[in-house]
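Please look over the sequence and the model, then read on.

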Amino acid sequence: MRAAVLHEIGQDKLEVLDDVETVGFGPGKVKIRVRATGLCHSDVSAMNGILPQPAPFIPGHEGAGEIVDVGDGVSGVSRGDRVLVCWLPACGQCPACKRGQSQLCLAGFMNAGTPNFKRPGGDVFGFAGTGTFTEEVVVDAGCAVPIPDDVPFDIAALIGCGVTTGLGAAINTADVKAGSSVAVIGCGGVGISAIQGARLKGAAQIVAVDPVQSRREAALRFGATEAVAPDALEDAKQRITGGEGFDYVFEVVGKSATARTAYETTRRGGTLVIVGAGAMDDNLQLNMFELFFDEKKILPSMYGGGDVLQSYERAIALWRAGRIDLESMITHRVPLSEINEALDQMRTGVALRTCIEI
């Protein structure tokens, strides 16, 4: 079976091999034939060590495909079903799930330390317990979420992570108010989804902030009212808010420097939403006086900050109704054999989302 493997953390290239096998199939598991998968920035962060992940591993967690086999005790999905991959399935039994915060369930993370592939050299892990840069993957049945027949695999893959994360940050976590002002720092696939979410919620001004011109231009097509380079953000703040700051600022980069900028760009009493996944040793510095005096709300948003199954259904309904544009988010397509081209497209910022067709 073909799969793209990272041998050691810190390497910047993947090797596409044909000697990989799935392992772990059995009761409660399903095997998925992957048809399409998106390249998310979290995959790159795991490759370079920002996000913890044992190696060797197969990146990819934003995927969709068909069920080819089901283990004993599995209900809800059958062979032949079309599904998207949920990398953070809820167990339904833990305290977080019972409180209605299923996005904080840790059951899915427990799978990240168990290999679900092997090759002649030994075990291979799947990123976030999945690993969709491959032809087939074995996951817990809860990771396989059925999708309607009218949803293409590439669209379903986007919904499996980036779209759900960005839309949810604006709709669930921030609950953006109509007529408000918004800034989104970082306009890749997740940032573009946050922009679409803010537009749906009725934000009056949405300023997209990104160093890459093509992404700024794209942001305008997806609902941003203005798009600026990072060095022009302060000017936009002065012009649009009279220097007060934006009602909502979304940090979608995952770095303390941009989070600090986002904090300073948020008005007193406003809301800063942390969407980007950063490193454990990258610390955001805030002093106790400003925390008290400015009364700014700092809201982390994990996987869209809400029930992911409901978020999937909402995204599909909005897409069907033409309220969100998902097709145009896929700016590049490559076969699995050209996966390193997709990595280059992400690192240079030319792609919003690259779809890897398998």
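How many disulfides does a search of the whole structure find? The search finds 0 disulfides, a disulfide being a pair of cysteine sulfur atoms within 2.5 Å. This is a predicted model, where local features need pLDDT of at least 70, side-chain atom pairs count only at pLDDT 80 or more, and totals for chains, interfaces and linings use all residues. Residues are numbered from 1 along each chain as its sequence is written, and side-chain values use heavy atoms, with hydrogens and water left out.

C105 is in no disulfide either. The nearest cysteine sulfur to C105 belongs to C91, at 3.7 Å. C40 is buried, at 5% relative accessible area. C105 is buried too, at 1%. Buried means under 20% relative accessible area, exposed over 50%, and partly exposed in between (1.4 Å probe, protein chains only).

**A helix pair**

Helices (H or I, at least four residues) and strands (E, at least two) are DSSP runs, numbered from the N terminus. Helix α4 covers residues 162-173 and helix α5 covers residues 189-200. Their axes come within 7 Å and cross at roughly 40°. Axes here are lines fitted to C-alpha atoms, for helices over the stretch in contact, and angles run from 0 to 180 degrees between N-to-C directions. α4 and α5 are therefore oblique to each other. Angles under 35 degrees count as roughly parallel, over 145 as roughly antiparallel, 65 to 115 as roughly perpendicular, and the rest as oblique.

The contact (heavy atoms within 4.5 Å) includes G162, V163 and L167 of α4 and V190, S193 and L200 of α5.

**Backbone features**

Most residues other than glycine have a negative phi, and most peptide bonds are trans. The peptide bond from A55 to P56 is cis, with omega near 0°. P56 sits in the loop between α1 (41-47) and β5 (57-58). Two residues other than glycine have a positive phi, E295 and Y303.
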